[in-house]
Amino acid sequence: MTSIPEKRVFSSRLLSFLIFISMFFILISSSLLFRIGDNSLVPKSIYNLIVVNSVANEPKSISCKEKCPIKPVASCDPNQAILKVFMYDLPPDFHFGLLGWTGKQNQIWPNVGNFSEIPKYPGGLNLQHSIEYWLTLDLLSSITQNVPRSCSSILVDNSSQADIIFVPFFSSLSYNRHSKIQGNEQNSTNDILQERLVEYLKGRDEWKRFGGKDHLIMAHHPNSMLIARWKLGSAMFVLADFGRYSNEIANVDKDVIAPYKHVVRTIDAKKSPSFEERPTLVYFQGAIYRKDGGVIRQELYYLMKDEKDVHFTFGSAIGGGVRTASTGMSSSKFCLNIAGDTPSSNRLFDAIVSHCVPVIISDEIELPFEDILDYSKFSIFVPASEACKKGYLLKLLRGVKKEKWTEMWENLKQIAPHFEYEYPSKPGDAVDMIWKAVSRKISSLHYKTHRKNRYNRSQKFLNAR
């Protein structure tokens, strides 16, 4: 007679247990749904599809064949911008048209909110001077909905409200691709564009207001803007160095030095080879016979070429040269950055992202962001006169203890992201760092301008009705 109640009790307990389990899973599911709605959980790498981070000679391309709409992500607060930028709506001939882009009728800019519509920049060594491309994309994205980016700069419609006037001329690309005279042409496309640019700017009220001093012009390739630089020298230039400029046209007081876009692959900081995993002491691969200050390369080559733990050879970017350099740098403790035809080269930035301690032998070099970065914490500077003394350089580098090298290696891993160009930009990357450098220059410019015009401005204010 007791078996029936026992069955009922069992059934009741089983039912209660099932109800409890069901409620538990409902609560867990609700919690997960809530968290998925939180943007902070979206992986930061979700937009890395279009970051041009070349492994060999070509940038990565967009993976999807159809349109790739950007997923909704909270945009940055425009009030966080430290730099308000007015950009001229120059015809596509000056910028994305040089990449073969053609928009619809009267369309000046590509839709940067749709990854598949963004023109690709040419690969190989063209990439090293692609700063113009990244800065322009970043500005366009500042007024494009749902593009997550750093908030250093933002476009404004009114030039009188701007801190800087941006000139979107892809001058390095123009030189690299269009500096040769074609067929029966009298002048190259590059020369024609420069002349048109000078005429355009000289006629603008924005230029006349401060004589062009608040204009930002990108001329990163040392041979870009050869004609226009003399006529637009009052503007702020974004340059690789001052090697082919007179001090009157370009100098550290008014211009910004920007890093080259590295062409070797970036090493993951967590997987970077350590001291013991880098068997080569010193690495250099590139052009050896150079003119001007680059003669030192030849001298060092004959001093070091036969050393067993030194890789010092000729090399170029073609025929797998970039891939070879990437492997070589990542297996070396020190990478030489020696002056060539100009004081700088992208070799320094290839070394940085390879976490190979740079040895800088270039007396006239200017370095990006040096006002806030202490390069001596992750690089070694050697005067050219000392480096050329027999045995001096190798004795110096062999004398660096493992602990000191490891300290510099750790610092390299920390600062390497400052030299990455990517779209959309991220806080602390190369694009973000350049805008902040421009902002620091602009602050000084405004101070000098206001100080010079203090009496005129005062009279205008008092006479205003």
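In the predicted model, six strands form an open sheet in the order S2-S1-S3-S4-S5-S6, and their pairing is parallel. The edges of this sheet are taken by strand S2 (153-155) and strand S6 (256-257), each of which has a single partner strand, so that one side of each is left without a neighbour in the sheet. Strands of a sheet pair through backbone hydrogen bonds, in either a parallel or an antiparallel sense. Within the sheet, strand S4 (residues 215-218) is joined to strand S5 (residues 236-239) in the parallel sense over three bridges, and Met218 has Val238 in S5 as its bridge partner.

When the lining residues of the largest pocket are sorted by class, twelve are nonpolar, 16 are polar and six are charged.

A further site considered here is Ser379, which is placed in the loop between strand S10 (357-361) and strand S11 (380-381). Ser379 has a relative accessibility of 3% and therefore counts as buried, the limit for that class being under 20%. When neighbours within four places in sequence are left aside, the contacts of Ser379 are with Val357, Pro358, Ile360 and Met408.

Key: Residues are numbered from 1 along each chain as its sequence is written. This is a predicted model: local features need pLDDT of at least 70, side-chain atom pairs count only at pLDDT 80 or more; totals for chains, interfaces and linings use all residues. Side-chain values use heavy atoms; hydrogens and water are left out. Two strands pair if DSSP finds at least two bridges between them. Helices (H or I, at least four residues) and strands (E, at least two) are DSSP runs, numbered from the N terminus. Ala, Val, Leu, Ile, Met, Phe, Trp, Tyr, Cys and Pro count as nonpolar, Asp, Glu, Lys and Arg as charged, and the others, Gly among them, as polar. Buried means under 20% relative accessible area, exposed over 50%, partly exposed in between (1.4 Å probe, protein chains only). Contact means heavy atoms within 4.5 Å.
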